[in-house]
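Please open the model in your viewer and follow the selections below in order.

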Amino acid sequence: MRILLVEDDESLASGLRLALGRARYTVEHVRDGVAAAAALADNAFDLAILDLGLPRLDGLDVLARLRAGGGVVPVLVLSARDAVRDRIQALDLGADDYLTKPFDVDELLARLRVLERRRSGLPVNQLRRGALQLDLAAMSVRWQSREVEVQHREFMLLRRLLEHPNKVFSRQELEESMYGWGDGLASNAIDVYVHHLRRKISPDVIQTVRGLGYRIGTGDA
Ligand code: CA
């Protein structure tokens with residue numbers, strides 16, 4: 001799950017990056033409105049956290065440009081502006097949620113999960129397919145009711161596939177959804193994660209579609 005963090009306060013941003021990383025998001029951080037607009041125009045994010053008081057371009061202008069350009073990424077505004085009219089303005093411009101500073105990090109994470117659920121049409125924090133079950137809040141994996149230990153990247157890969165059970169993902173698509181800019185990446189990394197998941201869960205948990213890539217298995221135990 002790739003998330004864009006737009007925040008010019010360095011200490012707040014570094015705390016958020018830690019918390020989001022721990023919650024297994026892949027975080028990109030930009031510090032001004034112009035960089036934010038450029039990053040969002042690439043449309044490679046699943047979620048965005050947007051401060052309003054930003055250098056170079058106000059967060060509201062970033063939001064307006066994003067929606068005017070047809071960008072649909074869910075945006076949570078995180079701002080010190082706490083007047084009702086500020087919240088209304090941001091929501092009317094296309095923000096999906098609005099949290100005022102200071103805030104509780106656990107509440108922020110819960111609100112992000114709501115945006116993810118809405119985006120994927122899920123009513124609860126779970127993804128299921130047959131005997132396979134992912135809990136997005138606990139970040140746990142179960143197979144036939146047995147808890148399976150997986151690494152951070154393995155969880156993200158499984159989650160990506162499960163969110164779109166009928167889609168065949170190319171390696172490149174999977175890499176892009178799992179890595180931040182500048183993250184070092186071995187060329188066979190996806191194949192290695194798939195290998196590990198098959199070994200830990202079931203040989204059929206992920207199917208290879210020859211010449212195209214991977215998709216989630218049927219979940220038959
Ligand atoms: Ca600010």
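The model is predicted: local features need pLDDT of at least 70, side-chain atom pairs count only at pLDDT 80 or more, and totals for chains, interfaces and linings use all residues. Residues are numbered from 1 along each chain as its sequence is written, and side-chain values use heavy atoms, with hydrogens and water left out.

**Whole protein.** Select everything: the C-alpha atoms fill a box of roughly 55 × 30 × 30 Å along the principal axes. Buried residues (under 20% relative accessible area, 1.4 Å probe, protein chains only) make up 47% of the 221 residues.

**Helix α5.** Next, select residues 105–120, which form α5 (helices are DSSP runs of H or I, at least four residues, numbered from the N terminus). After the helix comes Gly121, whose phi is positive, near 70°.

Now show the side chains of Leu108, Leu109, Leu112, Leu115, Glu116 and Arg117, the buried residues of α5. These residues pack against several elements, including β1 (2–6), α1 (10–22) and α6 (152–163).

**Calcium site.** Finally, select the calcium ion: Asp8 (OD), Asp51 (OD) and Gly53 (O) coordinate the ion at 2.2 to 2.3 Å. Donors are N, O and S atoms within 2.8 Å of the metal (3.2 Å for Na, K and Ca); water is not among the atoms, so sites may look incomplete.

Methods:
Helix = DSSP H or I, 4+ residues; strand = E, 2+ residues; numbered from the N terminus. Expected span 1.5 Å × (residues − 1). Buried < 20%, exposed > 50% of the residue type's maximum accessible area, 1.4 Å probe, protein only. Contact = heavy atoms within 4.5 Å.
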